[in-house]
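Below is a colleague's note on the model, arranged as numbered points. Please read each point with the sequence and the coordinates open beside it.

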Amino acid sequence: MTFPINTGRDCACAWEAMPWVLQGSASQEQSEWLAQHLAHCSSCQAEFAQQQRLQLAMSLPSDIPLDAEVGLRRLLGRLDTPELQQAPAPRRVRTSHWLTRALVAAVLVQAIGIGVLGVKLRSSGDSQPASYRTLSQQAAPSAPGAIHVVPDANMKLAEWDTLLHKLNLQVIQGPNDVGAYTVVPASVASAPPQTLAQLRATPGIRLAEPVAATP
Amino acid sequence: MNDTDINADAADRLLLQRMVAGDRAALAVLYRSYHGRLCRFLSRLTRRPDVIEEVINDCLWIAWQKAGSFHGDSRVSTWIMGIAYRCGLKALRQHGDEPVEDDNLPDALVPSHDPGEDRELRDWLGKGMDRLSVDQRVVVELVYGVGHSLDDVAVIMQCPVGTVKARLFHARVKLRNVLPSLAGNTSIKEGTL
């Protein structure tokens, strides 16, 4: 720290000593030294004069006079109050700091959000099946006797209808992206084993394969 | 510590011993003895009379409750001023530190006798104290008003002596700058310290 009295080291020592000399707590030697310094340093003289005035002003009684007897009666009355009311600070305690309140609000908003999402997820899970299937999930069982059939692009609709009618088959799916249909026997009982061979033998059929069972 | 301080402290210790035994008369003596200096000390923190009285009573109530735990590590006055300081800071947090304008003081609280010279001195001091922080005002009051040593002030404010020194130094520099009438016109900038 640089001392505001910008003279020599003695002035810095004088600055340090002033409050304690004024208090009377400085040693006699220190007090005498300060007196000698002040005798020839006008700057420190001015500073010391201000310090004296400061001490005088600080020693004035409070300008907010309170009646000690009134306060004392209140304190003695407080001693007689029941134990529960004798807390040293019966005033309202500020328990909810704004930060605490903000954190509580954030947690509440999060809880409400999680609740809403949970309800929504639950309701959507009940009403709609998932639009995807994982490898660990078992595939939907295929109909018995189902056959994938790919008719030739030139095959006429009438020929296709005739073929299905002749072999007693009905389309349950397709065509898919590669033009394959899934057909099954119109009745379980009418699924002769030669149906697959007959399909393969038909000129307008490019492919006929039985639907493999799920491994 | 001079002989007067030693005798005053010895008397205070006796009062505390009587308070431990439940002697309310001892509490009353201590209350009257400290009321004036606590009132002035707390008026450096707040200008609200109701808060000052509340803090004084909180402070002496704690002294009554804790008198048995005073082990004499410091002077009784240091111990009590420390309690008052902490109660005062707590009151500031609860009530705010907005000063009450003198115009709003009840008539009964306005000093009936305030010679012109004292009024002038108070105004002069007020201009300087307004520029100080709460901690700086407290240090100035404890050193110049009450007459405590740096070590005592450090105990009261529960901070290192170096911190007290720094607060006192900066407070003096500010006062020197804003109260130039006696210090000449050689005002300095605190930033150069």
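1. In chain B, Y34(B), L38(B), F41(B) and L42(B) of helix α2(B) meet I80(B), M81(B), A84(B) and G88(B) of helix α4(B), where a contact requires that the C-beta atoms of two residues, placed from the backbone, lie within 7 Å. By class, this contact of α2(B) with α4(B) comprises 7 nonpolar, 1 polar and no charged residues; Ala, Val, Leu, Ile, Met, Phe, Trp, Tyr, Cys and Pro count as nonpolar, Asp, Glu, Lys and Arg as charged, and the others, Gly among them, as polar.

2. This is a predicted model, in which local features need pLDDT of at least 70 and side-chain atom pairs count only at pLDDT 80 or more, while totals for chains, interfaces and linings use all residues. Residues are numbered from 1 along each chain as its sequence is written, and chains are lettered from A and ligands numbered from 1 in the order in which they are written.

3. The axes of α2 (residues 24-43) and α4 (residues 76-95) of chain B come within 11 Å and cross at roughly 40°, the axes being lines fitted to C-alpha atoms, for helices over the stretch in contact, with angles from 0 to 180 degrees between N-to-C directions. The two helices, α2(B) and α4(B), are therefore oblique to each other, given that angles under 35 degrees count as roughly parallel, over 145 as roughly antiparallel, 65 to 115 as roughly perpendicular and the rest as oblique.

4. Chain B has 9 helices and 0 strands, helices (H or I, at least four residues) and strands (E, at least two) being DSSP runs numbered from the N terminus. Of its 193 residues, 41% count as buried, meaning that 20 or more other C-beta atoms, placed from the backbone, lie within 10 Å of the residue's own. Among contacts in chain B between residues at least 6 apart in sequence, 65% join residues at least 24 apart.

5. As to confidence, chain A averages a pLDDT of 81, and 79% of the residues score at least 70, on the predictor's per-residue scale from 0 to 100. Over residues 89-93 of chain A the pLDDT is below 50, and this stretch has 4 contacts in the model beyond near neighbours in sequence.

6. The contact between the chains takes 37 residues from chain A and 48 residues from chain B. On the side of chain A that touches chain B, the largest share, 10 residues, comes from α3(A), and by class that side has 21 nonpolar, 9 polar and 7 charged residues.

How values were computed: Buried ≥ 20, exposed ≤ 12 C-beta atoms within 10 Å, placed from the backbone.
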